[in-house]
Amino acid sequence: MATTLVFDHRRIEEELVRIQQQSAPTEARATILNLLVFADRTSRDQTEAALGVVLGKRAARIILVVNSDSAESSIAVSARCYLDPERRSVCLQEVIVENGMDQRGAAVNSWSPLLIRDIPVYAWWQLELNPEDRLLLSLRELADKVIVDSEASFAGEETLKRIVELHDSLSMAVSDFAWLRLKPLRLLTARAFDSDALQNRLRSLRRLSIVGAPPAFSRMYVGWLASRLGWRRESNTHFVGPGGTMAAEVPDVVATRDATSSLIVEFVFENGDPIRIHSSGSGTAVVEGGDLQADECAMGLPPTGELLMQNIDSAYSEFLYLDAVRSWLGES
Amino acid sequence: MAHNPLFAGLESVQEPPPFAITIFGITGDLTRKKLMPALFSLYSKGTSRFKVLGFARRDWKGEIVKNKAQEMLEGFPGAEGELLSGFLQRLDYVESTFEGKEGYRRLAAALSDYPNRIYYLSTPPGSYESIIKNLGPLPRGDGYTRIVVEKPFGRDFATAQALNRLLADYFREEEIFRIDHYLGKETVQNILVHRFGNGIFEPVWNSRYIDHVQITVAEDIGVGTRANYYEQAGTLRDMIQNHAFQLLSLTAMEPPHSLDAERIRDEKVKVLRSLRPITFRDIRNRTVRGQYDGGFMNGQEVPGYREEEGVAPDSRTETYVALKLYLDTWRWSGVPFYLRSGKRMMRKLSEISVHFRRPPLGLFRNRHPALDQNVLIMRIQPEEGITLNMNVKIPGYTTDMRPVNMDFAYGSAFGERTLEAYERLLFDVILGDSTLYTRRDEVEESWAFITRILEGWRQDDQSLPEYEPGSSGPAEARELLRREGKRWRRL
């Protein structure tokens, strides 16, 4: 049940307590994190679905700032609780700020006093990544980590550059859903090349092409390989490594957000048969070719809620992710 | 091969190499309640390259074992549809007695495609010898061979040592995994994190600041249908020798210099070696045993222990034990460790409480002995967490004080079901990580200490005191602390 209020922080706190008490059938667990979400109307449904995954697993205070077309900004509160296996209530307190044309909702001091002190603050940024955006800059002081989805907001190389800038220049810890989606492919690749002979073979890689995968995903994959294997970007399309030069071909357009059904990664070596990783069409990816033993692993597209869950227990950037992005950009 | 840089950051999701696990006694309760759900859970989380073989006397061949497994997983989260059928396809069965050599030949044939093999002994201890002697000569795969042995691991020092010797005839120590499922509990593992992952506790974790430690492993149930086993075991063997001693070791050990399994186990063994023996002369001063009486619990009438089915009317098997222990080390010299465990107690509860010394000077009025001590409580189950009990000022004109609890929120907001102990332990066997398993010397040291007490009790003809069901144990246990000016924590 949501209650609409004016921007009165004390009243908002009282109302949150009252609503949570009504919603919680048993003693509620302590809140352990704040989650700030910056979204627009088009992503509201997806956001709600993702928060539904968090419900019952982490007791949290959510402050959702949504851009709207209304003349005036407004604020509403609600609470949802879920009984955990020990019959304790795990609650999400929600403060929903509709930022109207008056921009009052986007003003930091409209909602920042509602952040609970002494517990982590994660900021899920779903808007355009502009490092000069005042609201984004304010998170330097307010948030422990910024969570983005470079795939959803992909606008070419610039997107990845802005992510690095957020971390390096603005000293913000950053997590990226696109990086997490890459994990099954990284695992399959690591397993495929898990022998001295095949590791050596990678030194003679001459072409790596990726089709049927989203652009940020593809670039991070190449960047990851480069950072792990010591390749350096020489031009837009070529990397130089210990064994020579490798040409990387990646898609530019967002043909698909889903790499599960159409992915093909081809490793072409100086000598010998190529090795391919491709979707099997049934939720897995298969690696075969050359003289390696065929292998497969699950290659599903995890729901956004699951990706969010993976991000809200730690307040640091994963260095492998940043290394991969920098390697792609040629900044390592 | 040399280190594969592509695996960096993926260690936690790395799938283990293919393996086959043979469960001896698959038709029993442990498989139904713990092992099958744990294996399914591992499968559902991505461990897929394995085969499960049952080895038992009943006719569960072919589809029967799959149907039985499906029954075992009834109601288990996710056990349906393609996921369940994918798991069931991995099951197979060898019908055989544990003595039958032909059965082991068929087992060897069934395992031939699996270089990595795990043998899980989920049988009564009486069957261990046959199984081990038949497994030993079986041809091995090209990978690893591991054997998992459930508790009880022996029933005294001699039998534990004999079992260790028998295992050592056929398996190397690193291939032997002795289970104590308490070590699989998240909260037990958290003792190490609590002590060595925080800088504030270790400086005061010694005799200068700690007055005494209490360790409680209490159950609210009676022996139920386990009287046959329990009459031969008793609480000292069933709970103290293993679970309570694990909690003692983790609480009292020195910091290891790494998280390597052997370094941690080295430190735990040192604790057991430093236990001051309880001789026959000390039996009545430092040990208490009792039996639960008949009465009422939760509104129901319950029988006394000697009235339970399968228990001899003149049984001297204890259902309650309290011990006063000392560790002769620099860190713990003079600090008593009080351990207690029992059945039909007020509630099911396991915890470690560390009672700190009183302030050297009593500055405040209304100073009451019970108010002075700070207590750090590590709750193992239920209500997992850590509480620090401290004194604060009562609002008002005076400086009177009262105790309050500060709860450290370990897991207090996690609404997820924590990892089942057996799931964690099985995964560790698969990975070959023995940190959460008991080493040979650890088992023998604990049995050496316990066996002395058993011998002392055998020679002591004092009758066993009874205690009311739903209470905190016999009055003699309260006296054990009262004469030192201390009290047990209320259950």
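Author: Let us start with the second largest pocket, which holds about 380 Å³ of space. Of its 16 lining residues, those closest to the centre are B:Pro125, B:Gly126, B:Gly154, B:Arg155 and B:Thr159. As background, this is a predicted model in which local features need pLDDT of at least 70 and side-chain atom pairs count only at pLDDT 80 or more, while totals for chains, interfaces and linings use all residues. Residues are numbered from 1 along each chain as its sequence is written, chains are lettered from A and ligands numbered from 1 in the order in which they are written, and side-chain values use heavy atoms, with hydrogens and water left out.

Reader: What makes a space a pocket or a cavity, and what makes a residue part of the lining?
Author: On a 1 Å grid over the protein atoms alone, a cavity is a set of points where a 1.4 Å probe fits but cannot get out, whereas a pocket is an open set with protein on both sides within 12 Å along at least five of seven lines; a lining residue has an atom within 4 Å of a point. Points are joined across faces, edges and corners, and the volume is the space filled by probe spheres set on them.

Reader: Which helices supply at least two residues each to the lining of the second largest pocket?
Author: They are helix 5 (128-135), helix 6 (157-170) and helix 8 (227-252) of chain B. Helix 8 of chain B gives the largest share, 5 residues. Helices (H or I, at least four residues) and strands (E, at least two) are DSSP runs, numbered from the N terminus.

Reader: Why are strand 10 and strand 16 of chain A called edge strands?
Author: Strand 10 (232-233) and strand 16 (295-298) of chain A are edges because each pairs on one side only. Two strands pair if DSSP finds at least two bridges between them. The open sheet has 8 strands in the order 10-11-12-9-13-14-15-16 (chain A), with mixed pairing.

Reader: Where do helix 1 and helix 12 of chain B meet, and at what angle do they cross?
Author: The axes of helix 1 (residues 29-44) and helix 12 (residues 421-431) of chain B come within 9 Å and cross at roughly 65°. Axes are lines fitted to C-alpha atoms, for helices over the stretch in contact (heavy atoms within 4.5 Å), and angles run from 0 to 180 degrees between N-to-C directions. Residues making the contact include B:Leu35 and B:Leu39 of helix 1 and B:Leu426 and B:Phe427 of helix 12 of chain B.

Reader: What makes the peptide bond from B:Lys151 to B:Pro152 stand out?
Author: That bond is cis, with omega near 10°. B:Pro152 lies in the loop between strand 5 (145-149) and helix 6 of chain B.
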